[in-house]
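Hi,

Here is the structure I promised to hand over. Have a look at it first, and then read on for my notes.

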Amino acid sequence: MKKAKKSELRYNEDDERTLLEDILGFIKVFVVSAIVILLFVNFVAHPVRVDGRSMYPTLKDGEFGFTNVGGVLLNGVKRGDIVVVTMEEKGQKTHWVKRVIGMPGDTISCVNDIVFINGKVLDETQYIDPDYRQSCVDQFGYFNKVPNADNTDVQDFEEVKLGDDEYYVMGDNRPYSKDSRYVGPVKKSQLFAKKMLVLLPVSDIGVKD
């Protein structure tokens, strides 16, 4: 009985590996997996949670998914793309989910609540529901305008001529969006990722772009 008990306490009689070697092997797998995950998150896809209603109804508050970091690096961005913008607020970096409206060299203006690009009306029907836009106009009296300096009224936002490395971004839900109308154009280096694959809630699964 004593001999049998001693045999049971052996680590593994048929395996030449030691317990230490198995622990080191586990650590190696863990480290490699962690590196792969970090590379995936930072250079391929990045987890994003929608906070607020600035992109409603395209993206809803609380939706969670991944955004494409590699897409910006490899293919750049074009007008109409949903992008994740790196911003600095109160000394801390944060990410805004917005849509590219103006490209480098463009002149952006707003006349009578209508957005113009280089003097031509910007067609946004592909990503802004006309019925939702009208509901905002009915409720607030405007869609694209911004508060004036003393916050007593709203007005068309100021015309902007974009530089060679500047982009103009806005949320789809304009009355609720803090964007380039307030903070000015953003640099290409601030465009962290584009598009968004929504995973949660399950009812909203799909690519938003």
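**Hairpins and the open sheet**

Asn-112 has a positive phi near 55 degrees in the hairpin of E5 and E6, where 2 residues lie between the strands. Before going further: this is a predicted model, where local features need pLDDT of at least 70, side-chain atom pairs count only at pLDDT 80 or more, and totals for chains, interfaces and linings use all residues. Residues are numbered from 1 along each chain as its sequence is written, and side-chain values use heavy atoms, with hydrogens and water left out.

A word on the names: helices (H or I, at least four residues) and strands (E, at least two) are DSSP runs, numbered from the N terminus. Two strands pair if DSSP finds at least two bridges between them.

E5 and strand E6 (residues 114-117) are paired antiparallel, with 4 bridges, and Ile-108 faces Ile-117 in E6. Ile-117 also stands opposite Lys-120 in E7, and E6 and E7 pair in the antiparallel sense over 2 bridges.

On its other pairing, strand E5 (residues 107-111) meets E10 in the antiparallel sense over 2 bridges, with Lys-161 in E10 as the bridge partner of Thr-107. Put together, 4 strands make an open antiparallel sheet in the order E7-E6-E5-E10. Its edge strands are E7 (120-121) and E10 (160-161), each pairing on one side only.

**Around strand E3**

How many of the residues of strand E3 are buried? In E3 (residues 82-89) the count is 6 of 8, so the strand is mostly covered. E3 runs antiparallel to strand E4 (residues 92-102), joined by 8 bridges, and Val-85 has Trp-96 in E4 as its bridge partner. E3 and E4 make a hairpin with 2 residues between them, and Lys-90 in the turn has a positive phi of about 55 degrees.

Trp-96 turns up again with a charge: the charged end of Lys-98 sits over its ring, 5.4 Å from the centre (this needs NZ of Lys or CZ of Arg within 6 Å of the ring centre and within 35 degrees of the ring normal).

E3 also pairs with strand E13 (residues 191-200), antiparallel again, through 3 bridges. Here the bridge partner of Val-84 is Ala-193 in E13.

Lys-195 is found in strand E13 and has a positive phi of about 60 degrees although it is not a glycine. Pro-201 itself lies in the loop between E13 and strand E14 (206-208). There is another cis bond from Tyr-56 to Pro-57, with omega near 5 degrees.

Leu-200 belongs to a nonpolar patch on the surface, together with Phe-64, Leu-197, Leu-199, Val-202, Ile-205 and Val-207, and their accessible area together is about 590 Å². E13 gives the most to this patch, with 3 residues. Patches are made of residues with over 30% relative accessible area and no salt bridge, where like charges are joined within 9 Å and nonpolar side chains (Val, Leu, Ile, Met, Phe, Trp, Tyr) within 5 Å. A salt bridge is a side-chain nitrogen of Lys or Arg within 4 Å of a carboxyl oxygen of Asp or Glu, and accessible areas come from the Shrake-Rupley method with a 1.4 Å probe, counting only the protein chains shown as cover for residues.

**Aromatic pairs**

The structure holds 5 aromatic pairs (ring centres of Phe, Tyr and Trp, its six-membered ring, lie within 6.5 Å; planes under 30 degrees apart are stacked, over 60 edge-to-face and the rest tilted). One of them is Phe-64 with Phe-66, edge-to-face at 6.0 Å centre to centre and 70 degrees between the planes. Phe-140 and Tyr-176 are also edge-to-face, at 5.8 Å and 75 degrees. This pair links distant parts of the chain, 36 residues apart: Phe-140 is in helix H4 (residues 130-140), and Tyr-176 is in the loop between strand E11 (166-170) and helix H5 (180-183). Ring pairs link Phe-140, Tyr-142 and Tyr-176 into a cluster.

Technical notes:
Buried < 20%, exposed > 50% of the residue type's maximum accessible area, 1.4 Å probe, protein only.
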